[in-house]
Amino acid sequence: MKIIKRKFDAVIVGAGGAGMRAALQLSEAGFKVAVLSKVFPTRSHTVAAQGGIAASLGNVTEDNWHWHMYDTVKGSDYLGDQDAIEFMCRQANEVVYELEHFGMHFDRLENGKIYQRPFGGQSQNFGGAQATRSCSAADRTGHALLHTLYQRNVYANTQFFVEWMGLDLVRDEQGDVTGVTALEMETGGISVLQAKVVLLATGGAGRGFQASTNAFINTGDGLGMAARSGVPLEDMEFWQFHPTGVYGAGVLISEAVRGEGGFLINKDGERFMERYAPNAKDLASRDVVSRALTMEIKEGRGCGGNTDHLLLKLNHLNADIINRRLPGIREIAIKFAQVDPIKDPIPVVPTAHYMMGGIPTNLYGQVVTPYNTGPEEVIQGLYAVGECACLSVHGANRLGTNSLLDILVFGRAAGKKIIEDLKKMPHHKKLHTNSVDMSLARVARLDNQKNGENVAQTAEELRKAMQKHCGVFRFPDLLKEGVDKISEIAKRIDNTEIKDKSKVFNTARIEALELSNLAEVALATMVSAEARNESRGAHAREDFSIRNDDNWLKHSLYFKEGRRIDYKPVRLKPLTVKSFPPEARIY
């Protein structure tokens, strides 16, 4: 197979909000930038973000970044690194105003200021009254954000490789990253994209669960690339289950519905969240609300013939509010639940939504490798931002609207740091002689496999196993069985076969390569979850039901080699202010 080689200053894998924000920084500075995307950039999963961007503008209620920081630390169940959280919250207002100047169409208040709505886990005065902090564009904030960034990148001459899939990192003898191998999805051709810097911005891996709010492209590609090259994955046991996925479809019903005044009810018409979070009620943090829904179903108060879902009621709201503030939600409810929310409540159930863990990075997006005997070391030439990365600003549970803030703040921060690096690197480092061997071997194995496993069937088994063994509540026997089950499926993935090579137009090949990435993520998740003997944030164990700060206030690190787990301490010291010590998490 002929291998095409191309050279760039920077290669960015992923064209979502994080990747495009970093690309914009680099292209405007005059560097040659390539952005790889499996789909057209404006179809990246950022487009599905509905609710808004958290920033303490104070346009509706009094607010400041320090309150936002407290809420984020508390929401993380104190596993978030407080220096990174301060960094993010202090820059929130700036990146929102920057977006406004880029031309993003935010909704407006009557006085012309950016519209803000309440969201879960947000408070005034360190846990007091509900804050109104989410800057939104109706319920299509991610859509507006992604189109704004794409237009700016086109103007800045960013080069997009559309329908290209990143395969593997290329590293030299010193371990520095010197590029990536990539597959052109239309032709099946493999290229080496040599770069002074590689940035992974491939998003999450929610398609590893049977019921997920994620797009089909969210297959953990960046995490697979990192794990295969020896980079550990951090805090992979923490997966957020969004309380309100459409029952039977998984499509997200934004927290913005509850922010606008909607609320949850059980089969008796009871507003049950008052039992679980007497102050915040329906706007408690997502892990609290998801567990509450699960308990209602478990105790027989679910709705429908199988009592297996709850109802999200917003038909008490004015139809004008729904049509103006929540038009996308109404459209989703009609299409996927066959319910018009102006008239009837929406059936919902907790659904896999967001990955808090990922590739370990510092504040500037540089990928770091931890060492037991000393400080973290930067892997030269490698960056990661967005959902595939772990700083950690979200800890054990992410607050709604902090995800779009995360990609903006750290996409920009990574872009600034990469510019500094590139100015010190006049020449490309030499490519290793066997730089493409791993990728060629992976693709060749798929093409030459005979009498192997069916890709789609194996993928479905993996998703069912993750759903059963690593859900909202986790049980010791299921976790142990889950490690064995995922390990067995991972072995079978090495023997998957593309059944009809003459008709697949590379689709089956792509799905098989994506499945190998999902397997890396699933193994990291199951092994890390089985090892953490406490309940914290989204990780709720039946046998260790309380948080254990004495023994478990630390980040997990999963190494693919030997499926080894190690740990590193949480950074409890902020950059400039007093820290927030762990305390009981009450909403």
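Two strands pair if DSSP finds at least two bridges between them. Helices (H or I, at least four residues) and strands (E, at least two) are DSSP runs, numbered from the N terminus. The model is predicted: local features need pLDDT of at least 70, side-chain atom pairs count only at pLDDT 80 or more, and totals for chains, interfaces and linings use all residues. Residues are numbered from 1 along each chain as its sequence is written, and side-chain values use heavy atoms, with hydrogens and water left out.

**Exercise 1. Trace the pairing around strand S8 and state how S8 is covered.**

Solution. 
- Step 1. Locate S8 at residues 177-184. Buried means under 20% relative accessible area, exposed over 50%, partly exposed in between (1.4 Å probe, protein chains only). In S8, 7 of 8 residues are buried.
- Step 2. Go to S7, residues 164-171. S7 and S8 run antiparallel and share 7 bridges. Aspartate 168 faces threonine 181 of S8.
- Step 3. Check the turn. The S7-S8 hairpin has 5 residues between its strands, and glycine 175 there has a positive phi of about 90°.
- Step 4. Go to S9, residues 190-200. S9 pairs with S8 in the antiparallel sense, over 5 bridges. Valine 180 lies opposite leucine 193 of S9.
- Step 5. Check the next turn. The S8-S9 hairpin also has 5 residues between the strands. Its glycine 188 has a positive phi near 80°.

**Exercise 2. Which strands pair with S13, and through which residues?**

Solution. 
- Step 1. Take S12 (residues 263-265). S12 is joined to S13 (residues 310-313) by 3 bridges, antiparallel. Isoleucine 265 has leucine 311 of S13 as its bridge partner.
- Step 2. Take S14 (residues 346-355). S14 pairs with S13 over 3 bridges, again antiparallel. Leucine 312 is bridged to isoleucine 346 of S14.

**Exercise 3. Describe the second largest pocket: volume, lining and residue classes.**

Solution. 
- Step 1. On a 1 Å grid over the protein atoms alone, a pocket is an open set of points where a 1.4 Å probe fits, with protein on both sides within 12 Å along at least five of seven lines; lining residues have an atom within 4 Å of a point. A volume is the space filled by probe spheres set on the points.
- Step 2. Read the volume: about 530 Å³.
- Step 3. Count the lining: 25 residues. Asp77, Val288, Arg291, Ser545 and Arg585 lie nearest the centre.
- Step 4. Assign elements. Helix H8 (286-298) and strand S22 (540-541) each supply at least two lining residues. H8 gives the most, with 5.
- Step 5. Sort the classes. Ala, Val, Leu, Ile, Met, Phe, Trp, Tyr, Cys and Pro count as nonpolar, Asp, Glu, Lys and Arg as charged, the others, Gly among them, as polar. The lining has 12 nonpolar, 4 polar and 9 charged residues.
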